[in-house]
Amino acid sequence: MKKILAIIACLLFANICHAQDNFFQRLKNVFVVHDTVYIYVNDSIGEEEAELPDGDGEDDEEGVAEQTSGIAVPIDTLDTQDIFCKVVLFDNGTWLYYHIDTDFIPYAMLSDHWTAEKVHSYNDIAVKDLPDSVQLILVDSLHRYCIPHPGQITSRYKYRWKRAHKGIDIGLHTGDAIYAAFDGIVRAALPANLTGGYGNVLVIRHPNGLETYYGHLTRFIVKSGDIVKAGELIGYGGSTGRSTGPHLHFETRYMGQAFDPERIFDFDRGTLREETFMLKKHYFSINSHYGQTDQQSLNASKKKPSSSGGGSPKYYTVKKGDTLAKIAKRNGTTVKKLCQLNGLKSNAVLSVGKRIRVK
Ligand SMILES: [Zn+2]
């Protein structure tokens with residue numbers, strides 16, 4: 001235990017002394033220089049520069065010993081204050097800083113279509129302009145995931161109430177904690193009066209190009225430009241905006257286009273489905289959802305939203321003198337359809353006051 005405390009104390013001290021130069025400088029580059037690049041994590045320890053491998057030294061912030069990988073086995077990673085810097089612990093008690101390489105994802109991810117003032121930021125990009133498929137690395141050995149709120153799904157990604165519900169709803173109590181799904185940068189933290197139905201909403205942009213939306217929050221504790229880690233508390237759930245009760249409205253989007261978040265997360269189990277996700281263009285249809293085969297999704301994506309069988313059912317209360325034929329005519333349907341919807345025979349006697357479904 002003493003040893004662990006010594007390591008942690010040393011890490012904190014060394015972190016302050018050492019990390020600042022490299023990482024804050026590098027962070028600065030990430031945000032300021034337009035042709036620079038963003039995050040890439042390489043799991044191969046051997047290829048990383050070892051900066052303070054001797055974890056036993058107490059104030060050994062200058063000590064640079066020989067690289068020990070190849071002998072020592074990495075057993076765990078620790079976060080530091082800097083999202084771009086982790087500490088890798090080895091089984092022989094040594095450790096080293098693991099700097100997240102910034103040579104992989106274009107800075108364009110952080111500058112293109114970046115707006116803190118609006119919920120959506122890719123309004124000029126149409127689905128047809130997107131690639132047929134794109135492979136997204138969701139997690140790796142240093143980047144984790146987190147279910148934004150553990151709870152029951154109360155509404156899914158689908159066409160409902162004559163509008164596309166482009167996310168899922170997770171039931172909660174007002175004030176419940178909401179967590180960032182992946183590492184990323186808060187693009188927008190907008191109050192309900194600026195967002196229409198979303199209420200108080202947070203949008204986080206992730207290094208792989210994904211964006212996650214967190215709607216109806218009661219309040220948030222991050223702001224645009226903040227770097228967040230997967231699992232970091234970002235706000236509290238509520239019922240702001242177009243909402244009939246406290247819940248989290250959670251969306252996953254790529255280049256502004258929403259797809260079923262259940263393709264990424266198994267919300268019932270609280271797990272990620274795959275570490276790498278192949279996002280296909282037809283997923284962007286509101287009729288395409290998790291659980292379909294590729295062909296089913298493709299077929300569904302070609303349908304108009306209103307023909308999906310969604311939408312709310314419509315009822316009619318039988319009045320004196322009504323017949324199925326009259327009701328059918330009045331509601332633009334057929335006797336056959338009415339019989340199907342209500343399990344009736346075509347010669348059924350209708351009692352006044354009975355509610356029958358007409359759509
Ligand atoms: Zn919703």
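Predicted model: local features only at pLDDT ≥ 70, side-chain atom pairs only at ≥ 80, totals over all residues.

I then turned to the metal site, where the zinc ion is coordinated by Asp-169 through OD, by His-249 through ND1 and by His-165 through NE2, at 1.9 to 2.1 Å. Reading the donor residues along the sequence, I noted the spacing H-x3-D-x79-H. Asp-169 lies in strand S8 (residues 168-171) and His-249 in strand S16 (residues 247-254), so that this pair, 80 residues apart, links distant parts of the chain.

Next I looked at strand S4 (residues 133-137), whose covered face carries Val-134 and Leu-136, while Ser-133, Gln-135 and Ile-137 make up the uncovered one. For its pairing I found strand S20 (residues 276-280), which runs antiparallel to S4 over five bridges. Within S20, Met-278 is the residue that stands opposite Gln-135, and Gln-135 belongs to the uncovered face of S4.

Last, I followed an open sheet of three strands, ordered S9-S15-S13 and paired in the antiparallel sense. Strand S9 (177-179) and strand S13 (219-220) each have a single partner strand and stand at the edges, so one side of each is left without a neighbour in the sheet. Checking the contact between S13 and strand S15 (residues 233-236), I found antiparallel pairing over two bridges, and I recorded Gly-235 in S15 as the bridge partner of Phe-220.

Technical notes. Residues numbered from 1 in each chain as written. Heavy atoms only, no water. Donors = N, O, S within 2.8 Å, 3.2 Å for Na, K, Ca; no water. Helix = DSSP H or I, 4+ residues; strand = E, 2+ residues; numbered from the N terminus. Buried < 20%, exposed > 50% of the residue type's maximum accessible area, 1.4 Å probe, protein only. Pairing = 2+ DSSP bridges.
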